[in-house]
Amino acid sequence: MVDFARVQKELQECNRDFEVSGIKVMPKSDANLAHLLGTIPGPLGTPYEGGSFKIDITLPDGYPFEPPKMQFATKVWHPNISSQSGAICLDILKDQWSPALTLKTALLSVQALLSAPEPDDPQDAVVAQQYLRDYPTFMGTARYWTEAFAMTSSLGVEDKVLKLVEMGFPEALVRSTLVSVDGDENMALEKLCSG
Amino acid sequence: MEDYMSGSEEDYYSSDREDSLDGLENDESDSKFVQYKAPSCKVITKESLLSAQREDLRRVMELLSVREQHARTLLIHYRWDVEKLIAVYVEKGKACIFAGAGVTAVEIVNLDPPEASSTVTCNICMEDVSATGVTNMDCGHCFCNSCWTEHFIVKINEGQSKRIRCMAHKCNDICDEAIVRKLVSEKHPDLAEKFDRFLLESYIEDNKMVKWCPSIPHCGNAIRVENDEFCEVECLCGLQFCFSCLSETHSPCSCLMWELWTKKCRDESETVNWMTVHTKPCPKCHKPVEKNGGCNLVSCICGQAFCWLCGGATGRNHTWSNITNHSCGRYKEDSEKMAKRAKRDLYRYMHYHNRYKAHTDSFKQESRLRETVKEKVSNLEATDSKLRDFSWITNGLCRLFRSRRALSYSYPFAFYMFGDDFFKDEMTEKEREIKQHLFEDQQQQLESNVEKLSKFLEEPFDEYPEEQVMQIRMQVINLTVITDDLCKKMYECIENDLLGSLQFTIHNIAPYQSKGIERAAELAIGWSTQAGSIKKCQKADGQANGCIIESDVPSASGISDESEHSSRKRARKGSFESSLFDLNLPAKFN
Ligand SMILES: [Zn+2]
Ligand SMILES: [Zn+2]
Ligand SMILES: [Zn+2]
Ligand SMILES: [Zn+2]
Ligand SMILES: [Zn+2]
Ligand SMILES: [Zn+2]
Ligand SMILES: [Zn+2]
């Protein structure tokens, strides 16, 4: 069984210094603490700067004695993150996990990975090839993806609702979808399109 | 004379082999006899596993003055290779091997035992727990007992019993097995048992020199070899196997050659090839039809006649070179070339396979000789002959089995040695031809002498007059020496002239054992009280691995370079012939 007492404490502590770290972890629904949504800001001085990246977190039964499962929900162009599935190649999420680590420290490691790609141990071979052979194009693509998928527009909630309703989705569904993805219109659109 | 077995070992052999051929033993042995070396491989039974492991643990504990669990962690890290551990220790020092294996050298002494009333915060569950409910690991990291327990349970279930690391991030330390055992057994006694079994079996599973016997159903034993993992052994349960690949014995084939060979023999593709070369489908009923004469008109059992060259249906009128009203324009030179190649490859395979098969069959036939020879000997013993020594018969029979075996496996060896699979780029056509002639000379000499030996042993010499028996005796003794010698020469040729000259060879051949496949001796239990003898033994021959045998048994060293037919008298006889007799017979023939 997941140690929910600990998860509760982790969430409180993490969100307490949100102002400093910019890292946030929220339960996807109040009923189930095993499914969480994390948010990390793209590190400054990287093509991910200004982006806000969502990460799906699933806690296995053995948590914290087994590592949490994490996966990018926001599309990202990075050698160690699958451009298709969002799967992350990071040792502390596998055999280097220690129960002394927390969701916050894990997300900080993911953020550090955005700053320091390791193309020699790639998750996405296509991206890694580009990173090694054609760095300028890699930078361009990564930036484009950040702008396209990770930048929350400055639109207010009502504007987003209006925009999506104009695209032909029913309003009630649009609102509930927007809430479930923390107001991210790109993710809401993706979710609505995938049915 | 270090070649004789100790009393206890001998007891083991004689008691175990009593059933085989007591009647054959003769009192006066002016005959050639076989010298015996203590086996260099040991059987580790369920009962002796613990002591086998403890012996290595003890050596490391004494050498490095560490506790048992640290010795175990070090040994698991070095895959139970004590020699390697010692080498690294000598070269790089204690601190280095400790750090590498995740052992903390200095034990942290907690000077102030925590007061029972005070509480600490466990960094895992983030709860405040009483100071008595937490445990310090050797590395100094401290967490609450229930967190430790959860951690251990997860790791044991993941199969990581052998290396459970501390819970702290980036701490490489291996948890104290005593703490693991204590905490886990409080919550999950059966899991604690599993943990202990994993630790115990690590000695077999992580150890390059120890392997489970591949018998099915499993006999429960493991075999430990001393020096060379490329060897053939026999388990207490009677199964003979190649230690390296765990399949049946196959020397002088390398493991890879043997794997390919058995696959090839199994493969139907050979048969399919044969079919394409030798048969063609009937154009009417599509049954494969074999060509059995010179002319190209063939007919199917359904009555349809057709042309062998193009497969087209024809009438029956034909001459040697021509079928009436039929001329085939579709004949292609290409397809003939392909067929020729396939045919050549097939013939080559068949050449080697037939001989391999013939010798394997003879081997099976000859294993029945065991019984008839036994009979002949007792018949001879019953006569009033001057002859009292019949060990030449049993020795000859043993020699026959061993050389027959080497001979049959030499054919798949040759198939690959001189084929295109492995060494095509390493030898020129010319070199290959020379080597092949060299080898085939050896092989053929061996073959003809093995056949002669077989023939003499099959004769009903128990019905012959004494003079004739004497003659056969001379022949058998001679041929026994010669075939042994020829086997050795064939192996020398393989090692030196064939494989030895090649640059990239991955083919390790289990050495020829004049005395037959080594029968692993049971590991003595109870050695562990003799710490003294362990040291003595270490000093004496430097082969510390040999120490598991009682110290009065000399360790054996690989193949003997002395002839089996040494003129030395053996110190004690009695169990030799019986233990030797079926040495080369696989269990299924016994
Ligand atoms: Zn705890
Ligand atoms: Zn530690
Ligand atoms: Zn066995
Ligand atoms: Zn093998
Ligand atoms: Zn037919
Ligand atoms: Zn004809
Ligand atoms: Zn034709």
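Select the zinc ion (ligand 5): its ligands are the SG atoms of Cys282(B), Cys285(B), Cys300(B) and Cys302(B), at 2.2 to 2.4 Å (donors are N, O and S atoms within 2.8 Å of the metal, 3.2 Å for Na, K and Ca). This is a predicted model, where local features need pLDDT of at least 70 and side-chain atom pairs count only at pLDDT 80 or more. Residues are numbered from 1 along each chain, and ligands are numbered from 1 in the order in which they are written.

Stay on this site. Its donor angles run from 99 to 122°, and the site is tetrahedral (four donors with all angles between 85 and 135 degrees). The donor spacing reads C-x2-C-x14-C-x1-C. Colour by accessibility next. Cys282(B) is buried, at 0% relative accessibility, while Cys285(B) is partly exposed at 29% (buried is under 20% relative accessible area, exposed over 50%, partly exposed in between, with a 1.4 Å probe and protein chains only).

Now go to the zinc ion (ligand 1). Cys122(B), Cys125(B), Cys144(B) and Cys147(B) coordinate it through SG at 2.3 to 2.4 Å. Angles of 103 to 115° make this arrangement tetrahedral. Here the spacing is C-x2-C-x18-C-x2-C. Cys122(B), in the loop between strands E2 and E3 of chain B, lies 22 residues from Cys144(B) in strand E5. Both Cys122(B) and Cys144(B) are buried.

Last, select residues 145-157 and 177-187 of chain B, helices H6 and H7 (DSSP runs of H or I, at least four residues). Their axes (lines fitted to C-alpha atoms over the stretch in contact) are 9 Å apart, at about 95°. That makes H6(B) roughly perpendicular to H7(B) (65 to 115 degrees).

Definitions and conventions. Heavy atoms only, no water. Axes fitted to C-alpha atoms, helices over the stretch in contact; angles between N-to-C directions. Helix = DSSP H or I, 4+ residues; strand = E, 2+ residues; numbered from the N terminus. Parallel < 35°, antiparallel > 145°, perpendicular 65-115°, else oblique. Tetrahedral: all angles 85-135°; square planar, octahedral: opposite > 155°, others 65-115°.
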